Amino acid sequence: MENKKKILIIGGGYGGLRTAITLQENLKDNEADVTLISKHDYHYQTTLLHKVAIGTLSGRKARIYFRKILNPRKIHFIKDKIKSFNIEQKYVTGNGGKYHYDYLVIALGFRPDDFNIKGVKEYAHKLSSLNAALKLDKNIENKFKEYCHTLDKNDLSVIVCGTGFTGIEFAAELGSRLDELCLISGIDRSLPRVTCIGRSDRILPMFSEKGSKLAQKKLEQFGVEVINGASVDECCENGVHITYKNGETRFIEGNTILWSTGVKGNDSVAKSSLENVKGRIKVDAYLRYPKDSSIYVVGDCAIATSRDVIHAPTAQLSAQMGDYVARSLIKILRGESQNEVFKFKHRGTVCSIGHTDGVGVIYNNELSGEMAAFLKNFIENKWLFGIGGLHLVFKNGQFRYRTSN
């Protein structure tokens, strides 16, 4: 028992949880001492945070508690926040003390990157966590409900900075719910404004031009104003300053700002002795830290040599990384050689445009409409099935006409 190898997984997102689940499914009892550490005692699907931020997915339904899906005979769970690394003596330190390891899997996820733009930290919301999404939902709902007292039209103006997946899915989800918000709050439907701002010449640049134009058309049908080819210079309490590519400037008024322009790695990694770029670690073909083969890195903390930067969706990539690392560790524990390098299998990606619409590419085939929405739900439910079986799908899954609204 004392000779069991200690595998420490830090981070409970897609990559970390997939590592733990694959080990749980394939290791025998007492074959290794596996511990998963996360600052939350629950997992949540980051690809659904835009729904939480609009109130179409409840916080209760979004939480998947680790202790309900992890087998304590195989995976030990600890709730803690990792603060520092000591790779020479093979331990990490959290608020609860030191945690030693023989093999370390770093899966600490991401944080929003404000690119040092003035006012972002003070005035903009970020969909960086479940709690942040719940806070944004409450902010929007309160502003609409209190409009009858404030009569401030800027309270009904929401500005989305960023036209990638997060920004577009949020804007579409909000646009699809405006009719209901206005009805509940007794507001004229013509008053709310949703504005999406992006630096690219078109939204969702990871899709084809045809797909991007179709997504923008669907957004505009919800009443969302899309501004392409403009950069945000400053966020203020009551709006944002932007500059178009031709040099023209403009101030867009709005009391709710969402910042979704990009992400960077983890703060603890950024401050550690591990070589990193903005909290992200370059890994070899086996997803190992080049200077220490006992350290693996998965998810947004990793810069993988085989990553398809343009098309790879974060959740899909992270899950495949986690599964690969777990299988590599199993081979090592059993004295087998691991000669197979990590290869990302890009199966496609779908962007939801509201609950029953979307655009996407599946195995190089473009699709849109209800079929895209169905596949988006299928992808989310497949993840749930992989970590908790049919029970979790029926309890927390996404279905055509079912939301927790």
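1. Helices here are DSSP runs of H or I with at least four residues, strands are runs of E with at least two, and both are numbered from the N terminus. Just after helix H11, Gly335 takes a positive phi of about 75 degrees.

2. On provenance: this is a predicted model, in which local features need pLDDT of at least 70, side-chain atom pairs count only at pLDDT 80 or more, and totals for chains, interfaces and linings use all residues. Residues are numbered from 1 along each chain as its sequence is written, and side-chain values use heavy atoms, with hydrogens and water left out.

3. Helix H11 covers residues 314–333. Its 20 residues reach 28 Å from first C-alpha to last, close to the 28 Å expected at 1.5 Å a residue; the expected span is 1.5 Å times one less than the number of residues. H11 is mostly covered, with 14 of its 20 residues buried. Buried means under 20% relative accessible area, exposed means over 50%, and partly exposed lies in between (1.4 Å probe, protein chains only).

4. Asp323 pairs with Arg327, the closest N and O atoms being 3.3 Å apart. The two sit four residues apart in H11, about one turn of the helix. Asp323 is partly exposed at 22% relative accessible area, and Arg327 is partly exposed at 41%.

5. The whole structure has 22 salt bridges. One of them joins Lys51 to Glu173, with the closest N and O atoms 3.6 Å apart. Lys51 lies in helix H2 (residues 49–54) and Glu173 in helix H8 (residues 165–185), so this pair ties together parts 122 residues apart in sequence. Lys51 is buried at 4% relative accessibility. Glu173 is buried at 1%.

6. Asp357 and Lys218 meet in another salt bridge (3.0 Å, N to O). Asp357 lies in the loop between strands E23 (348–352) and E24 (358–362), and Lys218 in helix H9 (residues 209–221), so the pair ties together parts 139 residues apart in sequence. Both residues are buried.

7. Check the backbone at two loop residues. Phe115 has a positive phi near 50 degrees and lies between strand E10 (111–112) and helix H5 (120–123). Leu151 has a positive phi of about 50 degrees and lies between helix H7 (147–150) and strand E11 (157–161). Most residues other than glycine have a negative phi. Phe115 is partly exposed at 43% relative accessibility, whereas Leu151 is exposed at 58%.

Methods:
A salt bridge is a side-chain nitrogen of Lys or Arg within 4 Å of a carboxyl oxygen of Asp or Glu.
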